[in-house]
Amino acid sequence: MIANAKNSDDVPAIKVQHLTVSYGPVPALLDVSVEIPQGKLVGIIGPNGSGKSTLMKSMLGFIKPDVGTVDIFGTDVSQVKGRVAYVPQRGSVDWDFPITVREVAAMGRYSYRRWWQDLKKEDFRLADEALEKVRMSDFKDRQIGQLSGGQQQRVFMARALAQDADILLLDEPFAGVDAATERAILDVLQETKEAGKTVVVVHHDLGTAAEYFNLIILLKQRLFGFGTPRQVLNQKLLSDVYEGNLKVFAELARHPSDEVDGG
Amino acid sequence: MADSMAEFFTELQLNYGYLIRPLIVGTLVSIVCSVVGCFIVLRRMAFLADAIAHSMLAGVIGGYLLMKVFYQQDSNLTAMLIGAILAGILTVAMVGFVTKFSRVKQDTAIGIMYTGIFAFSAFFISLGSVSKYIQIDIYHFIIGDIMAVDNSELWLLAIVASIVLPVVILFYRPLQLTTFDPIMAAAIGVPVMAVEYLLTACTSLVVVSGVQIAGVILVVALIITPAATAYLLTDRLDRMIITSAIVGVLCFWLGFVVAVFLGTEPGATIVVMMTGVFLGGLVFAPKYGLLADWIRKSNTVPQEMMEDVLGCVLRAKGKSVPVTEVLKHIKKPAPRVRKSITMLERQGLLDVDNDKVLLTDDGRFQAKKLVRAHRLWETYLDRTGALPKEKIHDTAHLLEHISDEKTVEYLDDKLGHPVTDPHGSIIPNDSELVVGKDLLLSVLRDGNRATVVKTNGVAASSDLKVGEQITMGPRTDGGQIWVVVTSAGEKLSLTHDEVDAVVVRLLEDT
Ligand SMILES: Nc1ncnc2c1ncn2[C@@H]1O[C@H](COP(=O)(O)OP(=O)(O)O)[C@@H](O)[C@H]1O
Ligand SMILES: [Mg+2]
């Protein structure tokens with residue numbers, strides 16, 4: 001299967017070069033370039049409307065950029081199929097869609113079958129395993145709208161796990177979930193990273209960012225910083241991006257970044 | 001016996017034989033319309049289907065004129081059909097163009113385009129010089145006339161059905177995925193735009209065939225009404241499609257029979273049936289119907305009532321409370337209050353023994369959070385002065401149920417971490433205030449002991465050192481000034497901004 005092809009280790013998992021994307025007269029992203037190495041847990045941080053979701057959609061090949069390229073393991077994103085799995089922002093999902101938990105998880109297996117083929121028993125077994133891993137097995141036959149916020153998040157996690165892709169992109173997985181679910185999701189992400197995958201997470205709690213991620217992308221239309229939490233979460237960069245929002249610094253102070261190994 | 005049966009069928013054939021063809025056609029058309037309708041409903045494309053139907057008139061005329069002028073043929077159905085489909089696709093393209101390149105939004109663009117095309121066609125064929133050429137029965141087109149379907153049309157509709165149904169079955173997964181999550185679809189290499197064009201082409205085909213039954217104005221109902229009914233009845237797309245097809249066909253048969261016996265307009269009669277079934281579904285659907293909703297609501301106890309019970313038991317300060325006492329305090333129907341108590345017991349928040357209730361540790365934790373939210377809201381309402389005093393308690397009581405962590409934290413910070421509410425009652429402390437946890441100095445209360453973990457910016461000027469042990473004194477200056485006693489016994493007076501910049505780790509009280 002293509003999704004499991006071996007990569008030479010030095011090629012970056014995601015390489016974004018001079019990316020500019022616009023929906024109207026003002027670009028949502030302007031000249032963004034980053035190289036995300038393999039096997040890291042990476043956070044994308046920035047205020048609302050700073051283009052985090054747009055960057056993510058570009059990495060998925062959903063948005064055609066005005067300028068620039070996105071390469072996945074050295075291949076242009078438009079040529080790459082199924083190597084990137086995705087957990088959408090909660091607000092962008094149609095929760096009334098007639099689909100059950102198990103069917104969503106099984107979508108993770110679509111990339112392994114030709115589009116006209118039915119899914120096999122094996123696929124449903126893997127989907128069930130993924131649901132087990134996020135502890136959602138008891139809700140298999142529920143329609144997805146009839147779950148709590150944290151449970152909904154976990155269903156899409158299961159879908160991404162079932163896809164077993166090399167790169168995992170998550171758009172605000174911690175928004176609107178309780179602390180226990182946040183911890184559980186983080187554990188799965190960490191496990192996924194340990195297994196050699198690259199995980200990229202849109203996150204907007206600065207307070208926990210340093211604790212959660214190896215690398216941080218600080219974004220507000222342009223790239224303001226990319227590196228270890230210690231390099232990026234400094235007052236100068238943050239005040240450039242957040243324009244003197246004091247509360248942010250107070251929260252940051254709760255989780256001192258210098259306790260974290262940034263490698 | 002066998003003779004009379006045969007006679008019966010001959011009789012039937014003689015009297016009603018003319019009905020067989022329209023019945024077969026209608027059944028086919030209902031199935032394809034309702035199946036494709038499922039995707040149209042889920043993608044919110046109903047208005048677009050309507051637009052396609054109207055702009056078809058232009059295509060039909062175009063196709064007709066083409067055949068007439070070049071081949072001297074009246075009414076070549078194939079040409080008219082192809083014209084209609086082209087017109088549909090053109091409408092979609094123009095709507096896309098207008099939406100993309102102007103600030104006009106999609107619904108307006110659709111509205112302008114289809115009425116424009118429809119009006120142009122009507123204007124064109126009513127021109128004296130053109131109307132000589134054209135013998136299209138506009139009325140047939142607008143109202144639809146299933147009884148007038150001839151053999152060639154029957155074939156055509158059969159072909160449409162045999163194209164559209166296999167396409168939907170073959171492309172089921174791409175259609176499902178692009179409808180539900182186009183971003184993931186793109187990521188696994190599904191050509192999202194191509195699938196959308198495919199569905200638009202199917203919609204055009206389905207609209208063209210539906211117009212034969214119900215006419216331009218009503219054809220959208222054949223497509224979306226059965227699908228919407230099925231949407232109320234099922235939780236899975238595959239079942240929704242099958243249910244929709246069944247609803248569509250049954251309504252068609254029913255409407256057809258009624259129309260034959262009452263001599264009414266068949267298209268309209270069929271749509272009346274479909275609308276009736278939809279309304280029935282709206283009320284009686286087992287899960288998403290209004291009735292089910294109403295029953296569910298009257299059976300569950302609202303979260304608020306359970307929270308009120310918790311708050312009531314907390315005020316007893318650790319003693320157990322007789323259930324009758326709880327019932328007296330909460331002015332709601334007794335059976336439902338009892339039910340909330342049972343639910344709370346099941347959730348492990350209350351212990352019920354001998355008709356007396358006691359908070360568990362978990363329950364006390366939850367209840368405290370609630371009381372904290374209530375008193376903070378009261379303080380907030382009191383300080384902002386937005387409400388008359390006598391209304392504050394009741395409003396706070398409603399607001400306390402908005403007790404999510406972030407909101408409460410915001411209120412607390414904004415109010416300067418008050419210790420007491422306007423009535424002088426103590427506001428329970430932050431639920432994060434746990435020994436061993438890192439916190440901002442501002443949330444500490446009188447008597448708390450802690451180690452300084454980090455000082456930031458503003459506080460650097462004061463004399464707190466990392467690693468130092470401190471004890472909190474009572475606030476002064478109406479709660480505006482935090483008093484911190486250092487290990488050396490020195491008293492520091494700090495402002496809100498200063499204490500917000502210090503992180504401490506809470507120690508056991510001595
Ligand atoms: N589909 C869209 N059409 C028009 N503007 C959009 C669209 N999606 C996003 N935008 C705009 O692009 C900017 C970046 O949005 P987004 O990437 O969603 O930011 P974030 O995820 O960081 O909140 C915002 O100003 C937003 O309004
Ligand atoms: Mg976003």
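This is a predicted model: local features need pLDDT of at least 70, side-chain atom pairs count only at pLDDT 80 or more; totals for chains, interfaces and linings use all residues.
1. Residues are numbered from 1 along each chain as its sequence is written, chains are lettered from A and ligands numbered from 1 in the order in which they are written, and side-chain values use heavy atoms, with hydrogens and water left out.

2. Helices H13 (266-284) and H14 (290-299) of chain B each supply at least two residues of the patch; helices (H or I, at least four residues) and strands (E, at least two) are DSSP runs, numbered from the N terminus. H14(B) provides the largest share, four residues, and Trp294(B) lies in this helix.

3. The contact (heavy atoms within 4.5 Å) involves 44 residues of chain A and 36 residues of chain B. The two chains bury about 3500 Å² between them, 61% of it on carbon and sulfur atoms; buried area is the accessible area (1.4 Å probe) that two parts lose on being put together, summed over both. In chain B, Arg173(B), Phe180(B) and Ile183(B) lose the most area to chain A, together 24% of what that side buries.

4. The whole structure holds 20 salt bridges over all chains, where a salt bridge is a side-chain nitrogen of Lys or Arg within 4 Å of a carboxyl oxygen of Asp or Glu. Arg236(B) pairs in this way with Glu103(A), their closest N and O atoms being 3.5 Å apart. Because Arg236(B) lies in the loop between helix H11 (192-233) and H12 of chain B, and Glu103(A) in helix H2 (residues 101-107) of chain A, the pair joins two chains.

5. Three salt bridges are found across the interface of chain B and chain A. Arg159(A) forms a salt bridge with Asp181(B), with 2.7 Å between the closest N and O atoms.
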